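This briefing concerns the structure shown below.

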Amino acid sequence: MIETSELTRRYGQFTAVDGISFKVEPGQVLGFLGPNGAGKSTTMKMIAGFLAPTAGSAKVCGYDVESQPIQAKRSLGYLPEGAPSYGEMTPRAFLEFIADLRGLSGERRKQRIDDVIGRLQLEAVLAQPIDTLSKGFKRRVGLAQAILHDPPALILDEPTDGLDPNQKHEVRALINAMSAEKIIVISTHILEEVHAVCTRAVIIAGGRLLADSTPAELEARSRYHGAVSLIAVNTGAAREALARVADIDSIEIDPQDHRITAIPKKGRAIFVPISEVLKNQGVEISQLQLEAGRLDEVFRSITQPHATEARA
Amino acid sequence: MNPVRTVFRRELASYFATPVAYVFIVIFLILAGALTFYYGEFYERGRADLQPFFGFHPWLYLFLVPAIAMRLWAEERKSGTIELLLTLPITMWQAVFAKFLAAWAFVGIALALTFPIWITVNYLGDPDNGVIVASYLGSLLMAGAFLAIGSCLSAATRNQVVAFILTVVICFLLLMAGFPLVLGFFQSFLPQGVVDAIAGLSLFTHFQAISKGVIDLRDLIYFGLTIAAWLYATAIVIDLKKAD
């Protein structure tokens, strides 16, 4: 379990993290969302035991990060922001160094190193200095280091930053594969990632925790939740037809692809009425879909009032 | 494996992974040799000892040791690996000590490679080898003190050039603490007792005492305390500067 209570960090007058409390249970993947400078990384650094909290506390698997730092650090795998590693070392030497510091030895050490090399597909670059590797490989070396000792809890600060779409997919698959028995906290500002890997999302802005729920619940807050979007052969005819549906609050038309989005009045379902009206009026459509809600819009509406460009 | 040993091994290996180590060792050996033979008048004075050789060490170290020390923590901070290192199951003290020890061992290797001059002086005459051993010990301790100072200043900045210059200046002041250059300044406004205490802090005085062949416990304690104090300060500075 990862647990924080009223976690706070101040830099002089500036409060980077302001009383954040949450709890993550095994099997959960918690996504940390927030604009740059929201306090995501600072929160993660405090849980990882790098920065001391100004107030409040954090616990990893029952160990307080301040009073039992070594036990807490043993239970945790941490990928710092930017996936730093020692550039002059080769991935193999680097992983062996981490394994030694993590107290792995003998057969288990060899087996764990081979396992992460296989999982993150590092075979091809094992003998090359990390400095000479591509950004994607550097990130994977960082991830390999974080999961090397098979920790019960994982904190990954922007694990897919700088990866290409294929690599992103692989890293997400890796996180999903590990999620069943581990506690995982990831930070990201890629909203699609929340859908792909997170079972829970918290939104942070201005150092405060503003939302804590499942990705689906967050989407339900969107004004696009339950909206119907369609592309008609004749946009004008479709608009006229939609005017007959009473529960539509407003209609938006995308100027580029002429996609029409009908937004329902609060709490009303409009998909069935719309599809019936379109059928009755004989409006030809090429696409018709029900929207779950737009996460980016929810994200903006929650974080915008707190938009302050502060330190990361 | 003990975390201190693990970090020590990684650090020491990292010196030899880049040309830094070889450049340092070659320059150290060339300068040590050249200064001894040309300016120390090693042959001309016709005495079988290594005083001219060791006499130049404080000045050699003054520029070469800060060059080794400047990267100790500044580089970790710049590359972000400090966050990795300090979130691994290792205490701050272990990390500070292990990195210092690796740098010290590296300078020790460079110093050990000056052995041909020891062989030379034994070939040419009949020196007091006890004094020479003591001088090597004194030289190593002084390098350790310089490194500990450099470690602290390297932790204070992520700019290695700043770390280098600050280390040179502080090492210089500590070397000269027993000389009129520094003492004269303090004498103008401090009581004699305090001025004597400042003179007692001089690295040079203690180094000279040991290199005369007299290993006095007080000199050993002086170097031990100097190293410990600066390493302690290193840990405090790292803690303070972690946030930025």
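A:Thr43 is found in helix α1 (residues 40-47) of chain A. In this predicted model, A:Thr43 has a relative accessible area of 0% and therefore counts as buried, the cut-off being under 20%. Beyond four places in sequence, its contacts are A:Leu7, A:Val17, A:Ile20, A:Phe22, A:Phe32 and A:Ile204.

**Chain A overall**

- Chain A has 312 residues, of which 52% count as buried.
- Its secondary structure comes to eleven helices and 14 strands.
- The C-alpha trace of chain A spans about 75 × 45 × 30 Å along its principal axes.
- Among the contacts in chain A with a separation of 6 or more, 67% are made by residues 24 or more positions apart.

**Helix α3 of chain A**

- Eight of the eleven residues of α3(A) are buried, and the helix is mostly covered.
- The buried residues are A:Pro91, A:Phe94, A:Leu95, A:Phe97, A:Ile98, A:Ala99, A:Asp100 and A:Leu101.
- The cover over these buried residues includes elements of both chains: α4 (106-119) and α5 of chain A, together with α1 and α6 (81-86) of chain B.
- After α3(A) comes A:Gly103, which has a positive phi near 75 degrees.

**Nonpolar cores**

- The largest nonpolar core holds 150 residues, and the members touching the most others are A:Ile2, A:Leu122, A:Leu156, B:Tyr61, B:Trp73, B:Phe146 and B:Phe223.
- Helix α9 (residues 129-156) of chain B contributes the largest share of this core, with 14 residues.
- A second, separate core has 15 residues, including A:Leu230, A:Ala232, A:Val245 and A:Ile274.
- Apart from neighbours within four places in sequence, A:Leu156 is in contact with A:Met44, A:Leu79, A:Leu143, A:Ala146, A:Ile175, A:Ile184, A:Val185, A:Ile186 and A:Ser187.

**A buried alanine in chain B**

- B:Ala69 is found in helix α4 (residues 57-69) of chain B.
- With a relative accessible area of 0%, B:Ala69 is buried.
- Residues up to four places away in sequence aside, B:Ala69 touches B:Leu147, B:Gly150, B:Ser151 and B:Ser154.
- B:Ala69 and B:Ala103 are 34 residues apart along the chain, and their C-alpha atoms are separated by 7.2 Å.

**Largest pocket**

- Rolling a probe the size of a water molecule over the atoms shows where empty space is left.
- The volume of the largest pocket is about 410 Å³.
- Its lining comprises 20 residues, and those closest to the centre are A:Gly49, A:Lys73, B:Met92, B:Asp239 and B:Lys242.
- At least two lining residues each are supplied by α2 (69-74) of chain A and by α7 (92-112) and α14 (217-241) of chain B.
- By class, the lining divides into 14 nonpolar, two polar and four charged residues.

**Second largest pocket**

- The second largest pocket holds about 360 Å³ of space.
- Of the 22 residues that line the second largest pocket, A:Ser85, A:Tyr86, A:Gly87, A:Asp131 and B:Ser79 lie nearest its centre.
- α5 (135-147) of chain A, along with α1 (3-17) and α5 (71-79) of chain B, each provide at least two residues of this lining.
- The largest share, five residues, comes from α5(B).
- The lining of the second largest pocket has five nonpolar, six polar and eleven charged residues.
- Where does A:Ser85 lie in chain A? The residue is in the loop between β6 (76-79) and α3 (91-101) of chain A.
- Is A:Ser85 buried or exposed? A:Ser85 is buried, because its relative accessible area of 13% falls under 20%.
- Neighbours within four places in sequence excluded, A:Ser85 is in contact with A:Phe94, A:Ile130 and B:Thr81. Of these, A:Phe94 is one of the buried residues of α3(A).

**Model confidence in chain B**

- Chain B has a mean pLDDT of 89, with 98% of its residues at 70 or more.
- Among the elements of chain B, α7(B) has the highest mean pLDDT (95) and helix α11 (residues 180-187) the lowest (79).
- Helix α7(B) is also one of the elements that supply the lining of the largest pocket.
- Where pLDDT is low, the predicted coordinates should not be read in detail.

How values were computed
Residues are numbered from 1 along each chain as its sequence is written. Chains are lettered from A and ligands numbered from 1 in the order in which they are written. This is a predicted model: local features need pLDDT of at least 70, side-chain atom pairs count only at pLDDT 80 or more; totals for chains, interfaces and linings use all residues. Side-chain values use heavy atoms; hydrogens and water are left out. A nonpolar core is a set of buried Ala, Val, Leu, Ile, Met, Phe, Trp, Tyr and Cys residues joined through side-chain atoms within 4.5 Å. Buried means under 20% relative accessible area, exposed over 50%, partly exposed in between (1.4 Å probe, protein chains only). Helices (H or I, at least four residues) and strands (E, at least two) are DSSP runs, numbered from the N terminus. Contact means heavy atoms within 4.5 Å. On a 1 Å grid over the protein atoms alone, a cavity is a set of points where a 1.4 Å probe fits but cannot get out, and a pocket is an open set with protein on both sides within 12 Å along at least five of seven lines; lining residues have an atom within 4 Å of a point. Grid points are joined across faces, edges and corners, and a volume is the space filled by probe spheres set on the points. Ala, Val, Leu, Ile, Met, Phe, Trp, Tyr, Cys and Pro count as nonpolar, Asp, Glu, Lys and Arg as charged, and the others, Gly among them, as polar. pLDDT is the predictor's confidence in each residue, from 0 to 100.
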